[in-house]
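The tour goes stop by stop.

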Amino acid sequence: MKVDVLLGLQWGDEGKGKVVDVLTPKYDVVTRFQGGPNAGHTLEFAGQKYVLRSIPSGIFQGGKLNIIGNGVVLDPILFRQEAESLAASGHDLTQQLCISKKAHLIMPTHRVLDAAYEAAKGAAKVGTTGKGIGPTYTDKVSRNGLRVGDLLCNFNEKYAIAKAKHETILCGLDYPYDIVDLEKEWFEALEYLKRFRLIDSEHLLNYLLKEDKSILAEGAQGTMLDVDFGSYPFVTSSNTICAGACVGLGVAPQNIGEVFGIFKAYCTRVGAGPFPTELFDETGERLCTLGHEYGAVTGRKRRCGWIDLVALKYAIMVNGVTQLIMMKSDVLDGFDMVKACIAYRINGQETEEFPFDITEGIEPVYVELPGWKTDMTRMTSEEEFPEEFNAYVDFLEEELGIPVKIVSVGPDREQTIVRYEE
């Protein structure tokens with residue numbers, strides 16, 4: 001068996017949680033490989049709506065093993081809130097969820113550092129969610145981090161050393177803070193965390209592969225937020241691309257199977273950073289309203305625009321995508337015409353290659369396609385698709401060179417149409 005990887009191809013918020021939930025019945029194991037509680041995965045079924053931040057989206061499909069991998073950064077307080085909320089709704093995770101000992105812990109002072117660094121940047125701020133993700137990954141890379149496995153040996157001593165380093169930095173930034181209550185809650189949440197199986201996840205995952213178990217790796221954020229290949233510096237602090245699954249889980253590249261790339265039928269971005277196809281007009285507002293484009297974790301309004309095939313081709317290339325999944329097709333149901341960016345015009349020259357810098361001077365080159373003017377939300381099979389929508393999908397497949405396997409026509413798990421079976 002191989003590890004199949006599911007990840008976003010745009011600036012996040014593509015609908016990964018829903019698709020993981022839909023695909024989970026085909027897998028024995030679902031695992032998160034990077035990111036932290038800044039990434040909210042929204043799922044809707046049976047009249048209920050759930051937002052997962054750190055817990056894999058396979059948790060709702062009976063009896064599947066879910067693993068938080070070593071590449072994830074974990075906030076014990078937010079994890080506890082998330083797990084207790086799920087338990088209250090009838091989803092007890094203690095028997096289904098394992099946590100890698102090598103996953104790094106977000107400390108109370110990481111949150112404060114996040115806010116302090118953003119404040120110091122002024123107008124150049126990145127638009128961080130303030131959850132402490134960046135400072136935690138910084139400590140990880142600089143070899144100053146705390147890991148889940150540290151809970152098992154001399155933890156208080158290790159915590160005190162790490163905290164003292166943070167306080168020295170905060171003193172230099174002259175940033176006021178008070179973490180007394182937060183710290184108390186954090187240590188209480190650590191005790192809750194110990195109820196779960198803390199594992200050497202790389203050993204377990206490779207053992208499961210040898211036992212011919214099927215594994216689905218769930219990414220967070222999106223390719224265009226990757227720390228190396230995204231729109232730097234307006235990116236997240238981890239590798240969101242397929243290669244991140246190898247280092248975030250401890251599996252070798254030859255063990256990667258299918259790569260599912262998820263994208264919206266249009267494009268969105270939350271927070272600061274360049275966005276070549278962003279719309280500042282009535283159409284952009286309409287996309288936002290119809291798509292309910294507000295962050296699942298932050299509640300922040302998302303910026304909206306037409307689909308960007310230059311960026312999408314780039315994302316497909318760096319991820320090695322084998323199958324595409326298109327989300328929120330229904331949001332475009334009422335448009336007379338839809339647009340797709342097929343190239344960038346930079347200094348009078350057209351290019352289909354994603355450039356080093358997209359912060360300014362980029363003019364998107366669009367093609368127009370007829371809208372389908374049909375309510376697709378109640379459709380249950382490809383045979384019901386309007387001719388104009390089929391033409392849009394055919395156009396995307398021809399441009400991108402990858403088949404669109406799944407089309408989503410609404411937020412519910414049932415509003416998911418598989419265009420062909422393997």
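Is Y192 buried or exposed? Select Y192: at 7% relative accessibility, this residue counts as buried. Buried means under 20% relative accessible area, exposed over 50%, and partly exposed in between (1.4 Å probe, protein chains only).

Before moving on, note that this is a predicted model, where local features need pLDDT of at least 70, side-chain atom pairs count only at pLDDT 80 or more, and totals for chains, interfaces and linings use all residues. Residues are numbered from 1 along each chain as its sequence is written, and side-chain values use heavy atoms, with hydrogens and water left out.

**Aromatic pairs**

Rings of Phe, Tyr and Trp (its six-membered ring) pair if their centres lie within 6.5 Å; planes under 30 degrees apart count as stacked, over 60 as edge-to-face and the rest as tilted. By this rule the count comes to 16 aromatic pairs. F79 belongs to helix α2 (residues 76-88) and Y192 to helix α6 (residues 180-193), so the pair ties together parts that are 113 residues apart in sequence. Helices (H or I, at least four residues) and strands (E, at least two) are DSSP runs, numbered from the N terminus. F79 is buried too, with a relative accessible area of 0%.

Next, select Y344 and F354. Their ring centres lie 6.4 Å apart with planes at 55°, so this pair is tilted. Y344 is in strand β16 and F354 in the loop between β17 (349-351) and β18 (362-370), so the pair ties together parts that are ten residues apart in sequence. Y344 is buried at 0% relative accessibility; F354 is buried at 14%.

Now show F155, Y159, W186 and F187. Ring pairs link these four residues into a cluster.

**Around M107**

M107 sits in the loop between β8 (104-105) and α3 (108-121). Its relative accessible area is 1%, so M107 is buried. Leaving aside residues up to four places away in sequence, M107 touches L146, Y159, A162, K163, H166 and W186. Contact here means heavy atoms within 4.5 Å.

**Charges over rings**

Select R286 with F335. The charged end of R286 sits over the F335 ring, 4.1 Å from its centre. Then take K339 with Y366: K339 lies over the face of Y366, at 5.4 Å from the ring centre. The rule asks for NZ of Lys or CZ of Arg within 6 Å of the ring centre and within 35 degrees of the ring normal.

**Backbone stops**

Most residues other than glycine have a negative phi, and most peptide bonds are trans. Go to H292, where phi is positive, about 50°, although the residue is not a glycine. H292 lies in the loop between α9 (282-290) and β13 (303-305). With 62% relative accessibility, H292 counts as exposed.

K328 also has a positive phi, about 55°, and is not a glycine. Find K328 in the loop between β15 (323-327) and β16 (337-346). K328 is partly exposed, at 22% relative accessible area.

Last stop: Y232 and P233. A cis peptide bond joins them, with omega about 5°. P233 is in the loop between β10 (215-218) and α8 (243-249).
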